[in-house]
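Q: I have a structure open that is new to me. Can you walk me through what is in it?

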Amino acid sequence: VNTRYISHSIAVHRKISSSFREDALLSIFDRVIENLKLVANLDMSTFTREQKALLDQSIVAVLNCLNFDFFGSGIYSSEDMGIVQIPSSWKSRIIDGVLLDVLFLLYRKL
């Protein structure tokens, strides 16, 4: 019951991180963006407190997806905070403008 925790090596952490990135993160990101697109077209003045909280958490989920350490550097300096490094498979989702359109539409409505 009281077992000692043995941490994984850096290589194991990178493998787990890479596996999560490849297997789950992009689908999470896509799903959240699709949900935000649907919400952006609704009348938010009728939202309950729970619906507003869910919307807030969806926006946080987008931010967390974009803040993911895609390249496993683990180094965050103040100079790099304005830079988002993403895998090439994400490129079309970022540069097509849909993400920014949805986020700015939500910003105007909130």
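A: One term before we start: buried means under 20% relative accessible area, exposed means over 50%, and partly exposed is in between. Glutamate 22, for instance, counts as exposed because its relative accessibility is 53%. Also keep in mind that this is a predicted model.

Q: OK. How many helices and strands does the protein have?
A: Four helices and zero strands. Along the sequence the pattern reads α-α-α-α.

Q: And what share of the residues is buried?
A: Of the 110 residues in the protein, 23% are buried. The protein exposes about 8600 Å², and carbon and sulfur atoms supply 58% of that area.

Q: What about contacts, how much do residues 24 or more positions apart account for?
A: Among contacts with a separation of 6 or more, they account for 72%.

Q: Let's look at α1. Where is its kink centred?
A: On arginine 21. Helix α1 covers residues 10–40, and the kink is about 45°.

Q: Is that arginine buried or exposed?
A: Arginine 21 is buried, because its relative accessible area is 17%, and the cut-off is under 20%. The side chain of arginine 21 also meets that of glutamate 22 in a salt bridge, at 2.8 Å from N to O.

Q: Which other residues of α1 are buried?
A: Besides Arg21, the list includes Leu25, Leu26, Phe29, Val32, Ile33 and Leu36. The buried residues of α1 pack against α2 (49–66), α3 (91–95) and α4 (98–109).

Q: Give me one example from α2. What does serine 58 touch?
A: Leaving aside residues up to four places away in sequence, serine 58 touches Val32 and Leu36. Serine 58 is found in helix α2 and is buried, at 16% relative accessible area. Val32 and Leu36 are themselves among the buried residues of α1.

Q: Back to salt bridges. How many are there in the whole structure?
A: A search finds three. Another joins the side chains of arginine 93 and aspartate 30, at 2.7 Å from N to O. Arginine 93 lies in helix α3 and aspartate 30 in helix α1, so this pair ties together parts that are 63 residues apart in sequence.

Q: And glutamate 34, which residue does it form a salt bridge with?
A: With lysine 37, where the closest N and O atoms are 2.9 Å apart. Glutamate 34 and lysine 37 are separated by about one helical turn, because they are three residues apart in helix α1. Glutamate 34 is partly exposed at 41% relative accessibility, and lysine 37 is partly exposed at 28%.

Q: New topic: how many aromatic pairs does a search find?
A: Two. In one, the ring centres of phenylalanine 20 and phenylalanine 68 are 5.9 Å apart and the planes are at 50°, so the pair counts as tilted. Phenylalanine 20 is in helix α1 and phenylalanine 68 is in the loop between α2 and α3, 48 residues apart.

Q: Are those two buried or partly exposed?
A: Phenylalanine 20 is partly exposed, at 35% relative accessibility. Phenylalanine 68 is buried, at 19%.

Q: What is the pair that tryptophan 90 forms?
A: Tryptophan 90 forms a tilted pair with phenylalanine 29, with 4.8 Å from centre to centre and 35° between the planes. Phenylalanine 29 lies in helix α1 and tryptophan 90 in the loop between α2 and α3, so the pair ties together parts 61 residues apart in sequence. Phenylalanine 29 and tryptophan 90 are both buried.

Conventions. Residues numbered from 1 in each chain as written. Predicted model: local features only at pLDDT ≥ 70, side-chain atom pairs only at ≥ 80, totals over all residues. Heavy atoms only, no water. Bend = angle between axes of the 7 residues up to and from the residue. Helix = DSSP H or I, 4+ residues; strand = E, 2+ residues; numbered from the N terminus. Buried < 20%, exposed > 50% of the residue type's maximum accessible area, 1.4 Å probe, protein only. Contact = heavy atoms within 4.5 Å. Areas by Shrake-Rupley, 256 points an atom, 1.4 Å probe, with all protein chains shown as cover. Phe/Tyr/Trp six-rings, centres within 6.5 Å; stacked < 30°, edge-to-face > 60°. Salt bridge = Lys/Arg side-chain N within 4 Å of Asp/Glu carboxyl O.
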